[in-house]
Amino acid sequence: MNDARDVAARYFAAAADGDQERYAALFADDAVVRDDGRTHRGLAAVRRWRGEVPAVAYDLREVTGTAGACRAVAAVSGDFPGSPVTLRFAFERDARGKITLLDIEPAP
């Protein structure tokens, strides 16, 4: 993927389709995900965390940055308290294009 919008689109497509293997393939083995006050380190922990996330829909609103480090803002809706909510997703990727850091927090 060559630009920030491609990175975000690929991530949200994999996150929305429920294919755990496709989703996990986006991440480096030593990836870190921060979400809802918890930190998940390593691909096995990312897989466990993702397995606990309810099915949701994403409406991508904004993408800034580069393919290596970008931020996306998306409205997220599904079967969870407070739905829908607007969240900011900050991505960092390595030279192979794998996500090394994903930080999810409420959008300001």
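Arg 38 has a relative accessibility of 44% and therefore counts as partly exposed. In this predicted model, the side chain of Arg 38 meets that of Glu 52 in a salt bridge, with an N to O distance of 3.5 Å. Glu 52 belongs to helix H3 and Arg 38 to strand S2, which spans residues 38–41, so the pair ties together parts that are 14 residues apart in sequence. Glu 52 is exposed, because its relative accessibility of 54% is over the 50% limit.

The salt bridge of Arg 38 and Glu 52 is one of seven found in a search of the whole structure. Another is formed by the side chains of Arg 47 and Glu 21, at 2.8 Å from N to O. This pair links distant parts of the chain: Arg 47 is in helix H3 and Glu 21 is in helix H2 (residues 20–24), 26 residues apart. Arg 47 counts as partly exposed, at 36% relative accessibility.

A further salt bridge joins Glu 105 to Arg 88, whose closest N and O atoms are 2.3 Å apart. Here too the pair links distant parts of the chain, with Glu 105 in strand S6 and Arg 88 in strand S5 (residues 85–93), 17 residues apart. Strand S6 covers residues 99–106. The side chains of Glu 105 and Arg 88 are also recorded as making a polar contact, at 2.3 Å. Apart from neighbours within four places in sequence, Glu 105 is in contact with Arg 71, Leu 87 and Arg 88. Thr 66 lies 39 residues from Glu 105 along the chain, and the C-alpha atoms of the two are separated by 19 Å. Glu 105 counts as partly exposed because its relative accessibility is 28%, between the 20% limit for buried residues and the 50% limit for exposed ones.

Side chains of opposite charge can pair when their charged atoms come close. Arg 50 has no salt bridge, although this residue is buried. The nearest side chain of opposite charge is that of Asp 35, at 7.3 Å. Arg 50 is located in helix H3, which comprises residues 43–52. When residues up to four places away in sequence are not counted, Arg 50 touches Tyr 11, Ala 15, Gln 20, Tyr 23 and Tyr 58.

Conventions: Residues numbered from 1 in each chain as written. Predicted model: local features only at pLDDT ≥ 70, side-chain atom pairs only at ≥ 80, totals over all residues. Heavy atoms only, no water. Helix = DSSP H or I, 4+ residues; strand = E, 2+ residues; numbered from the N terminus. Buried < 20%, exposed > 50% of the residue type's maximum accessible area, 1.4 Å probe, protein only. Lys, Arg positive; Asp, Glu negative; His and termini not counted. Salt bridge = Lys/Arg side-chain N within 4 Å of Asp/Glu carboxyl O. Contact = heavy atoms within 4.5 Å. Polar contact = N/O pair within 3.5 Å; in protein donor to acceptor, adjacent residues only side chain to side chain.
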